[in-house]
Amino acid sequence: MFKQASRLLSRSVAVASSKSATTRAFSTEVPSTLDSTFVESWKKVAPNMDPPQTPSAFMKPRPATPSSIPTKLTVNFVLPYASELSGKEVDMVIIPATTGQMGVLPGHVPTIAELKPGIMSVHEGTDIKKYFLSSGFALLHANSVADIIAVEAVPLDHIDPSQVQKGLAEFQQKLTSATTDLEKAEAQIGVEVHSAINAALSG
Amino acid sequence: MAMAVFRREGRRLLPSIAARPIAAIRSPLSSSDQEEGLLGLRSISTQVVRNRMKSVKNIQKITKAMKMVAASKLRAVQGRAENSRGLWQPFTALLGDNPSIDVKKSVVVTLSSDKGLCGGINSTVVKVSRALYKLNSGPEKEVQFVIVGEKAKAIMFRDSKNDIVLSVTELNKNPLNYAQVSVLADDILKNVEFDALRIVYNKFHSVVAFLPTVSTVLSPEIIEKESEIGGKLGELDSYEIEGGETKGEILQNLAEFQFSCVMFNAVLENACSEMGARMSAMDSSSRNAGEMLDRLTLTYNRTRQASITTELIEIISGASALEAAK
């Protein structure tokens, strides 16, 4: 019996040493909260409960600001139902800010831009991909990462021009016959969006 | 009736097996209820066990069906939840994650399910909300609750009734989409004054793991204040503003947009967690029912065999008594 016990002990020790040599996280392991002040104050209030997670634990950390201007711009283009582009390296992006079309190159000054309905084009070498955005925000960071968040976006080749014309006429008619402020505002939004799509398709 | 009385009397007066011969004449098909009163050996008769087995089998079928339904609903929502995970990341990258921020007015938005039988996810969310309440209340600080979902409403109504500002139910009746959630976010923003919004929900880590998570959204005034002070949001000052007249206006729009995006992701993750928790709860329930059924089957067989054996003993002892009498 003692022989067996010693054999098991030596086996477990060997396993432990091999495990420490190549420690690999289990796939079931849970990310830990990064904010230590939160964890500490939580422990004071609810010592028996694990602190809840925070979103930063689920995010990949962003790259630091490089000292020299990088050659490529990293674009993250997200929509509520999909991440269209995530971490894509491109040369230039043109976004429809409320102040007009804005070109973004690597090394752009950090900016928060509100977007209006319009075309966004992504340039990579000779490849240009155009999307029509409904509206959203563009966040340009110092480390040449551009985050574009839009509520709705469609690649331009998916849009049917005849439907656009019909929609434009319909909303213009609604605008003239609108009675309440709410109806007028809604009709105006419709006209703006449709004329923007029209301009995008023709231009 | 009189026979039964006589049998009972016989048992008391003559405990020997010789009293049994009368029982031997009885038809072996009679219900064992009489036998139970006669012998007092078994506490449950086969009829009772049979009824219980039928009801447990039905429960097992129902819980299995509920598990299948939850699994199919989970498949449908999981794809959308994973696709929406990119939505809040840009905001956190810009504004940082500040769960420990010290503000005067916090509003805790608790997301829970409308239907039950989904394991412990709703109670964990409520526990976290209550702990956040304790964490953020103090002199000059107040915390209010906005509750989404019937289950949390039922639990929190009991003790925190005065702090609940708004409660929303039946969110998951129609399939979730961004427009619906942004209307909800708009409602909340209109009715509630806040410095920081803390959204508590269950994040879907895997089909068996749900992590209670709190996402913090700050109001534009606090963002400006913090960016001037420095620290985590200090870099925000270096950002240029395109469009809009003032920085405050842009920050206002940004904060509202952030809230609706974070809410959208949170609601989807919570729905996934609910389905996953219901799947595992119903799975363990059907497994329990299966085990119970096995045990009941054993009891039933034992009962049945014991009654057959007793019948045989009676017949044989009666026959041997008659033989001996000859």
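Buried area, as I use it here, is the accessible area (1.4 Å probe) that two parts lose on being put together, summed over both. I note at the start that this is a predicted model.

**Entry: the area between the chains**

I looked up the area buried between chain B and chain A and got about 3,800 Å². Carbon and sulfur atoms give 74% of that area.

**Entry: who takes part**

I counted the residues in the contact: chain A gives 45 residues and chain B gives 43 residues. On the chain B side I sorted the residues by class and found 23 nonpolar, 13 polar and 7 charged.

**Entry: polar terms**

How many salt bridges does the rule find across the interface of chain B and chain A? The number is 0. I next looked for polar contacts between chain B and chain A and found 7 residue pairs, with both residues at pLDDT 80 or more.

I also listed the elements of chain B that give two or more residues to the side touching chain A. Three are helices: H5 (89-95), H6 (121-136) and H10 (247-325). Two are strands: S5 (210-218) and S6 (240-242).

I checked how S6(B) pairs with a strand of chain A. Its partner is strand S5 of chain A, residues 111-115, and the two run in the parallel sense over 3 bridges. I looked up the bridge partner of Ala113(A) in S6(B) and found Glu242(B).

**Entry: chain B by itself**

Chain B has 10 helices and 6 strands. Of its 326 residues, 45% are buried. I also took the contacts in chain B with a separation of 6 or more, and residues 24 or more positions apart account for 73% of them.

**Entry: chain A by itself**

For chain A I counted 4 helices and 10 strands. I read the order from the N terminus on as α-α-β-β-β-β-β-β-β-β-β-β-α-α, so I put the run of strands between two pairs of helices. Chain A has 203 residues, 39% of them buried. Among contacts in chain A with a separation of 6 or more, residues 24 or more positions apart account for 47%.

Terms used: Residues numbered from 1 in each chain as written. Chains lettered and ligands numbered in written order. Predicted model: local features only at pLDDT ≥ 70, side-chain atom pairs only at ≥ 80, totals over all residues. Heavy atoms only, no water. Contact = heavy atoms within 4.5 Å. Salt bridge = Lys/Arg side-chain N within 4 Å of Asp/Glu carboxyl O. Polar contact = N/O pair within 3.5 Å; in protein donor to acceptor, adjacent residues only side chain to side chain. Nonpolar A, V, L, I, M, F, W, Y, C, P; charged D, E, K, R; others polar. Pairing = 2+ DSSP bridges. Buried < 20%, exposed > 50% of the residue type's maximum accessible area, 1.4 Å probe, protein only.
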